[in-house]
Amino acid sequence: MSFLESIYGASAAAVPPNALMVGLTLVEGAAAKGAVCLDGTLPGYHLHHGYGEGANSWLIQLEGGGWCNNIRSCVYRKGTHRGSSTLFEKKIPFTGILSNKAEENPDFFNWNRVKIRYCDGASFAGDSEDKATGLQFRGQRIWLAAIEDLMSKGMHNADQALLSGCSAGGLASILHCDEFRSFFPGSTKVKCLSDAGLFMDAVDVSGGHTIRDFFGGVVSLQGVQTNLPSTCTDHLDPTSCFFPQNLIANIETPMFILNAAYDSWQVQQSLASSTADPQGTWHDCKLNHARCSTLQIQFLQDFRNDMLDAVKGFATPRQNGLFINSCFAHCQSERQDTWFADDSPVIHDMAVAIAVGDWYFDRANIEAIDCPYPCDKTCHNLVFK
């Protein structure tokens, strides 16, 4: 799956034609720290410098793109742009929260904006290797090397910083939120945003635990255990501590959770994966929610209720924010049409970009929870071919 497909689904045409294209920077010196992609190549990021009032403000976005949970899937991954920087796109579009246009990104357009590329397969959290296959599981080191490099390029002067990420990057922004805060002096305003990162420890349509089994493989193979927050591992097993629902209550840095209640990735890969649904009963429903039966919709409503239970009380401390819309979507901050556009999704007439901006700049308390499907007519639901 290409970079664009991972954000825009089947509708890569949704990328604005005038989108800013930003070049790739490899982190020189990272190899000496063992901070390398799955195949041993250098990690990288895309940086577009801020200006004016945003010159000392930094937005770091961690790229998403799934995980690999066993040797076979990681060997496959290292031959793709998800595991080797030799296959990274040399330029990528900066849209949504990364846009440099005020009319597309009202609060962050003139910040220093960075997309850190994802090439480890464990949400920037692993640290081990497999000598037999030459696989390097160095996500934690990649994260640290990239941050250190950006600090040397002016981020150490930041008066404002926001760590964000979508999907596997949204999980990474939760895992690394307090660590990110620790890189800056207390005078720096630091917050975190997780988009489509609220992966639920859910029971699948067969009564099994597809995603728990999968995450268990990621955590054990890639040596993630040592990099999980001790506030969780002190009382839960490592796999449980890779699930945001067991982490968010103990994060001290202000955080915003943006998620679709019917997250399309979780519906397809966690709730109704091909292993959980070998007969293909969910096939049509997964690709297009309009084809779901009444029973299937009820199953998805139960999943939404579990998600709402997981974030109950999360936004009660006013420092945290919440935007859970009743859409069949995934990653809404990177896409221009869902972040901020004339017809972008809203809750109570508030677009995602306005909600995140109002929260970051303390203009309002944001706890926006949508009514259940099918009430929201503003959704940009992902329909797959």
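## Contacts and overall form

Two residues are in contact when they have heavy atoms within 4.5 Å. In this protein, residues 24 or more positions apart account for 76% of the contacts with a separation of 6 or more. This is a predicted model: local features need pLDDT of at least 70, side-chain atom pairs count only at pLDDT 80 or more, and totals for chains, interfaces and linings use all residues. Residues are numbered from 1 along each chain as its sequence is written, and side-chain values use heavy atoms, leaving out hydrogens and water.

Along its principal axes, the C-alpha trace spans about 55 × 50 × 45 Å. Of the 385 residues, 59% are buried (under 20% relative accessible area, with exposed meaning over 50% and partly exposed in between, for a 1.4 Å probe and protein chains only).

## A look at helix α10

Let's visit one helix (a DSSP run of H or I with at least four residues; strands are E runs of at least two, and both are numbered from the N terminus). In α10, the buried residues are Gln296, Ile297, Leu300, Gln301, Phe303, Arg304, Met307 and Leu308. They sit on the same side of α10, because they cover an arc of only 160° around the axis (taken from the directions from the helix axis to the C-beta atoms).

On the other side of α10, Thr294 and Leu295 are exposed. The buried residues of α10 pack against several elements, including β10 (255–260) and α8 (264–271).

## Out in a loop

Where is Glu28? Glu28 lies in the loop between β1 (20–26) and β2 (44–48). Glu28 counts as exposed because its relative accessibility is 59%.
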